[in-house]
Amino acid sequence: MADQTFSQQESNDATAGYHVPVLLNEAVEGLNIQEGGIYIDATFGGGGHSRQILKRLGDKGRLIVFDQDIDAAANVPDDKRVLFIPQNFRHIQRFLRLHKITGVDGILADLGVSSHQFDEAARGFSFRFDANLDMRMDQRQTLTAADILKTYSELQLHKMFEQYGEVTNAKTLAKTIVQQRSIISISTIQELKQAVQAGVMGNPQKYFAQLFQALRIVVNDELGALKELLRQSEGLLKPGARLAIITFHSLEDRIVKNFFKTGTMEEVAEDELFGRKPANPFLIITKKPIVPTAAECKNNSRARSAKLRVAGKK
Ligand SMILES: C[S@@+](CC[C@H](N)C(=O)[O-])C[C@H]1O[C@@H](n2cnc3c(N)ncnc32)[C@H](O)[C@@H]1O
């Protein structure tokens with residue numbers, strides 16, 4: 001479960017105020033950087049992982065970075081090896097082709113939102129503040145969290161809170177929202193909190209973290225984008241190249257784990273006659289996911305739910 005309650009951490013990093021990278025050395029190590037290689041940081045953010053990759057890249061190496069949030073552009077280093085693509089990584093293949101890149105040596109994705117996005121009240125990601133229920137990582141997109149609360153049916157809201165937030169009383173919550181939205185406006189964080197206040201179960205911090213996580217996942221179609229990235233990675237990675245993914249909740253981790261295991265997003269049916277499965281183009285490098293040390297979790301509470309999985313292209 002993603003954690004919305006983390007606080008900003010101290011660090012010497014140039015953009016530490018923007019985001020403190022999680023599993024920094026482990027993830028970059030997992031990419032097995034070749035000096036002259038082409039690497040992708042699909043989730044540039046504050047650029048913590050990218051800077052570490054650049055340290056290991058030679059003069060001829062290239063680093064292509066994606067972020068759908070234009071705020072991240074301010075963190076792009078002035079370095080001729082770097083190309084910033086301000087787009088959703090779900091279109092990775094298309095944008096790389098546009099830049100005449102057909103094969104890469106490694107792809108890193110550090111999923112979810114940055115501390116910057118959580119801490120900018122106006123972005124609407126955090127229930128610590130009051131602002132419009134926005135939650136768009138890409139501000140060119142039109143759909144906001146408020147739109148979802150206005151337009152989804154009771155059943156859609158129920159399923160969303162259940163599947164993406166694991167909210168204990170998802171059904172009641174959905175019912176309350178549908179009742180309340182016919183009486184009052186639910187366009188801001190405070191309006192939402194007030195509308196559902198009576199039904200909050202357990203620790204309110206945890207309850208709202210789950211509710212907000214569900215909304216955020218749907219607004220940004222986070223799982224759909226992850227599946228697209230994984231699907232397209234097969235065609236982009238050269239033999240021997242690496243794919244390293246850091247996830248922050250079980251829904252994401254399950255998708256990555258299954259994909260690495262089977263090499264496909266589809267259900268794998270055994271060949272009925274011979275009992276064979278289609279060949280998997282990936283080799284699992286991390287048999288078990290790598291998790292942060294106790295020291296990292298102590299310094300950066302956001303790290304607590306992180307899991308890193310690495311696969312290599314055969
Ligand atoms: C956890 S932060 C990454 C932090 C980064 N590794 C660092 O060291 O600063 C995730 C970033 O990825 C971006 N992001 C998330 N999903 C994305 C997607 N589908 N396409 C492009 N960028 C995405 C977010 O806007 C955010 O800036």
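**Entry 1, ground rules.** I am working with a predicted model, in which local features need pLDDT of at least 70, side-chain atom pairs count only at pLDDT 80 or more, and totals for chains, interfaces and linings use all residues. Residues are numbered from 1 along each chain as its sequence is written, and side-chain values use heavy atoms, with hydrogens and water left out.

**Entry 2, the sheet.** I looked up the strand order and found an open sheet of 7 strands, β3-β2-β1-β4-β5-β7-β6, with mixed pairing; strands are DSSP runs of E with at least two residues, helices are runs of H or I with at least four, both numbered from the N terminus, and two strands pair if DSSP finds at least two bridges between them. The edges are β3 (82–85) and β6 (282–284), each with a single partner strand, so one side of each has no neighbour in the sheet. On average, neighbouring strands are turned by 20° against each other, direction ignored.

Of the 11 residues in β5, 8 are buried, that is, under 20% relative accessible area with a 1.4 Å probe and protein chains only, where over 50% is exposed and the range in between is partly exposed. Further out, β6 and β7 (residues 307–313) pair antiparallel over 3 bridges, with L283 bridged to G312.

Helix α1 (residues 24–31) lies across β1, β4, β5 and β7, at about 165° to β5; angles run from 0 to 180 degrees between N-to-C directions of lines fitted to C-alpha atoms, for helices over the stretch in contact, and contact means heavy atoms within 4.5 Å. Helix α10 (residues 222–236) touches β4, β5, β6 and β7, and its direction also makes about 165° with that of β5.

I found that the axes of α8 (residues 189–196) and α9 (residues 204–219) come within 12 Å and cross at roughly 120°. In the contact, I189, L192, K193 and V196 of α8 meet F208, L211, F212 and L215 of α9.
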